[in-house]
Amino acid sequence: MQCEACVVLVTCGSQAEAESIAEHIVRERLAACVNMIAGGSPVRSFYIWEGSLQRDEEWMLLIKTMPPLLESLKKRIQELHSYTVPEFIALPILSGSEEYLGWLRQSVSSAE
């Protein structure tokens with residue numbers, strides 16, 4: 001089955017950074033919609049960085065876009081993000097309501 005659209009996961013170190021990135025990529029039509037998980041409440045992240053266990057609060061963005069925009073979106077996230085290695089994980093949307101997917105395609109159509 002072909003990928004209809006994508007959801008991209010990006011974590012940010014602050015609510016302000018997450019909101020700024022979301023606003024930029026929607027205005028630039030690299031994304032149709034960005035959700036910030038739990039209305040701005042942080043998620044708890046546990047990971048190894050430079051050999052040490054890290055425990056951080058981060059803000060998760062769920063970014064809806066189309067496959068042809070992934071490389072441009074990734075580049076823009078890297079430009080806007082404060083992390084040396086920002087998370088950028090694209091997951092396929094295999095199916096969705098035609099009305100929503102149509103809106104998604106239309107929302108980013110001028111960027112494709």
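Helices (H or I, at least four residues) and strands (E, at least two) are taken here as DSSP runs, numbered from the N terminus. The model is a predicted one, in which local features need pLDDT of at least 70 and side-chain atom pairs count only at pLDDT 80 or more, while totals for chains, interfaces and linings use all residues. Residues are numbered from 1 along each chain as its sequence is written, and side-chain values use heavy atoms, with hydrogens and water left out.

Most residues other than glycine have a negative phi, yet Glu50, which is not a glycine, has a positive phi of about 50°. Its relative accessible area of 70% makes Glu50 exposed, where exposed means over 50%, buried under 20% and partly exposed in between (1.4 Å probe, protein chains only). Arg29 also has a positive phi, near 60°, and sits in the loop that joins helix 1 (15–27) to strand 2 (33–36); with 31% relative accessibility, Arg29 counts as partly exposed.

When neighbours within four places in sequence are left aside, Ile25 is in contact (heavy atoms within 4.5 Å) with residues including Val34, Ile63, Leu73 and Ile77.

A further feature is found in helix 3 (residues 98–108), where Tyr100 and Trp103 lie three residues apart, about one turn of the helix. Rings of Phe, Tyr and Trp (its six-membered ring) pair if their centres lie within 6.5 Å, and planes under 30 degrees apart count as stacked, over 60 as edge-to-face and the rest as tilted. By this rule there is one aromatic pair: the ring centres of Tyr100 and Trp103 are 5.4 Å apart and their planes stand at 45°, so the pair is tilted. Tyr100, at 33% relative accessible area, is partly exposed, and Trp103, at 36%, is partly exposed as well.
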